[in-house]
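Let's walk through this structure together, starting with the chain as a whole and ending at the place where its parts meet.

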Amino acid sequence: MAGILIFSDKTNLALELLTAANSISSSSADIKAVTINNDEQVQALSEAGANVYRINAADLIMADVGAVAAALGQAAGELGSDIILLSSNRRGKEIAGRLAQVVGAGCLTDVNSLETDDGKITCKRNALAGATVANQYIKADKQVIAIVPKSFAPAEGGSGSINDLTVEVKPSALKLLEVKTKAGESVDIEAAEVIVAVGQGLNSKDDLVMVEELAKLLGGEVACSKPVATDKKWLSEDRVIGLSGKKCKPQLAIILGVSGQVQFTVGIRDAKTIVSINTDDNATMNSLSDYVLVTDLHEAVKAMNSAL
Amino acid sequence: MNIVVAMKQIPDLQQIRIRNRQPLFDDVPLTLGTIDKNALEAAVVLKEADESIKVTVLSAGNEEVEDTVKEALAAGADEAFLVLDDALEGADSAAIAAVLAAAIKQMEDVDLILFGEGSGDNYSGQVGSRVAELLNMPQAGYVSAMEIKGGNAVVTRTLEDCDEVLEMTLPGVISVMAGLNEPRIPSVTQILKAGKKPKEVLELDEVDVDIKKLAFTETISNLAPESNRKKIVVKSVDELLQGLRSENLIGR
Ligand SMILES: Cc1cc2nc3c(=O)[nH]c(=O)nc-3n(C[C@H](O)[C@H](O)[C@H](O)COP(=O)(O)OP(=O)(O)OC[C@H]3O[C@@H](n4cnc5c(N)ncnc54)[C@H](O)[C@@H]3O)c2cc1C
Ligand SMILES: Nc1ncnc2c1ncn2[C@@H]1O[C@H](COP(=O)(O)O)[C@@H](O)[C@H]1O
């Protein structure tokens with residue numbers, strides 16, 4: 001297998017890429033990790049067994065995707081890496097297309113599984129807004145593949161190396177004026193064993209109180225469909241399940257008042273058990289569930305809270 | 001100021017049916033990507049504030065795009081620039097990007113090119129980034145707010161954990177975030193007028209891109225995932241909780 005280069009702006013995702021790279025390569029010497037202005041990541045990756053090539057260049061800003069792609073393109077050329085694995089978070093996806101264009105590669109993003117088959121790296125990704133799963137591969141020698149967070153476990157243990165890499169950086173046409181860190185508690189609904197998800201069937205923001213109580217009783221997290229966060233703004237966007245939200249694999253998912261459009265269900269279809277509570281007995285969500293209760297969700301939640 | 005909005009023709013996803021795990025496209029109407037409509041709306045809002053702005057819709061696809069694009073002309077675009085060939089339907093992102101970049105080079109003084117964060121059917125978020133590289137322009141993706149100030153765009157890029165406020169020298173590429181705005185629904189008169197708006201239609205060989213050389217990806221299969229959910233209909237909360245308890249899912 002040709003040389004593999006891995007890069008993510010996020011250390012935890014870079015560690016996942018290291019695992020992904022190991023899964024398609026028989027020789028860890030062929031795997032090289034690039035970091036950009038991130039000493040903490042250099043440390044974490046080398047301690048996980050990666051051969052790290054660190055780029056430290058003050059004038060290279062992560063916000064300039066063109067500059068980052070140019071730097072990674074130079075790194076791939078110098079290190080002889082034909083395959084580049086990136087993380088499919090927003091930053092990684094934005095870099096992917098540009099880097100593919102820089103190195104003349106084929107590119108697949110949002111990939112959630114990799115397999116090697118007869119020299120090909122076959123990739124699974126959701127297509128048609130999640131209605132289908134496409135099994136694809138890149139025919140070209142040069143490949144850029146962006147991998148969905150949490151598709152692989154983070155790598156740990158091993159002895160790597162730390163090397164320096166110098167790249168040429170052109171003057172940037174972008175100026176970073178401000179970084180606003182998102183306020184509010186951050187939740188990790190992807191890690192939850194139990195999820196109670198609400199959709200637009202919920203009457204009001206006040207009704208969230210009983211939903212939160214139910215989640216607490218079940219030891220789970222509250223999640224939601226996209227409109228509940230983006231249109232109604234009742235919950236924060238990091239609780240959204242689906243194509244543009246999180247992909248969750250809980251043991252139990254209780255879905256309240258969600259119609260079950262594919263952009264939502266793609267984020268919950270890997271749950272072990274799904275319960276749908278909906279007033280509409282024809283809701284698509286019901287046919288994708290293990291237990292279906294056709295009733296008003298508010299009544300059902302009250303009854304569950306008092307029974308539990 | 002000239003703004004180009006790249007919009008992709010896609011089948012209306014709500015109307016795709018699945019049979020034997022195969023998606024069925026027969027009789028599914030064609031439309032433009034939802035997020036691409038957000039990009040167009042953003043351009044039209046800029047135009048409303050500044051009459052000197054011209055908005056051109058750019059699309060590459062099969063012959064039917066000529067009809068589908070009326071939707072965008074009705075919703076406020078001034079004109080359309082189309083590259084049409086049946087081979088462009090479902091072509092690789094690299095090929096589409098090369099065609100779009102070549103088309104943009106044929107236009108006059110483009111200051112800003114808008115994309116969606118992902119196309120409706122493929123949602124791979126590649127084409128905008130590739131075009132930015134091909135045209136050697138700066139880019140900002142996942143943009144949730146934008147303003148034009150002098151020769152610059154001031155944009156907010158919304159990432160998972162933070163917002164970046166950036167000043168970008170134009171010409172540049174912006175990919176807008178899904179749900180950025182509420183795209184307007186054109187009135188009947190606007191729809192009638194749309195047919196009369198200028199349209200520049202090129203054939204593939206007029207942009208000088210060999211898309212066969214840019215067919216980098218191969219699809220082995222594209223099937224709906226198997227679902228074998230139990231679909232047990234329960235009559236009451238008690239019955240539901242009983243079921244969940246019997247599976248050891250609650251009260252552990
Ligand atoms: C590019 C793109 C990306 C998207 N990404 C996502 C995504 O990541 N996540 C996401 O969720 N959506 C996403 N969407 C939106 C998605 O298509 C749907 O619009 C959305 O999931 C619908 O949310 P909902 O089911 O809560 O609302 P609705 O479709 O309005 O459904 C509400 C449901 O509640 C039921 N109901 C009403 N009252 C009650 C009651 N009292 N008790 C019980 N049930 C009741 C109704 O019968 C109905 O089934 C995306 C769309 C696009 C175009
Ligand atoms: N065939 C096309 N014609 C015009 N614009 C396109 C085409 N394909 C993709 N785009 C644009 O590129 C964006 C990203 O597409 P994708 O890389 O397929 O997710 C879309 O939101 C559109 O703005």
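In chain A, 60% of the contacts (heavy atoms within 4.5 Å) with a separation of 6 or more come from residues 24 or more positions apart. This is a predicted model, where local features need pLDDT of at least 70 and side-chain atom pairs count only at pLDDT 80 or more, while totals for chains, interfaces and linings use all residues. Residues are numbered from 1 along each chain as its sequence is written, chains are lettered from A and ligands numbered from 1 in the order in which they are written, and side-chain values use heavy atoms, with hydrogens and water left out.

Of the 308 residues in chain A, 57% are buried, that is, under 20% relative accessible area with a 1.4 Å probe, protein chains only.

Now look at how chain A is divided: the domain assignment, which is automatic or from a database, gives domain 1 (3–164) and domain 2 (189–307). Their contact draws on 7 residues from domain 1 of chain A and 8 residues from domain 2 of chain A. The centres of the two domains, taken over C-alpha atoms, lie 33 Å apart.

Between them, the domains bury about 620 Å², 48% of it on carbon and sulfur atoms; this is the accessible area (1.4 Å probe) lost by two parts on being put together, summed over both. On the domain 1 side, A:Asn126, A:Ala129 and A:Lys150 lose the most area, together 59% of what that side buries.

A:Lys150 also forms a salt bridge with A:Glu190, with the closest N and O atoms 3.3 Å apart; the rule asks for a side-chain nitrogen of Lys or Arg within 4 Å of a carboxyl oxygen of Asp or Glu. The count between the two domains is 1 salt bridge.

Notes
Buried means under 20% relative accessible area, exposed over 50%, partly exposed in between (1.4 Å probe, protein chains only).
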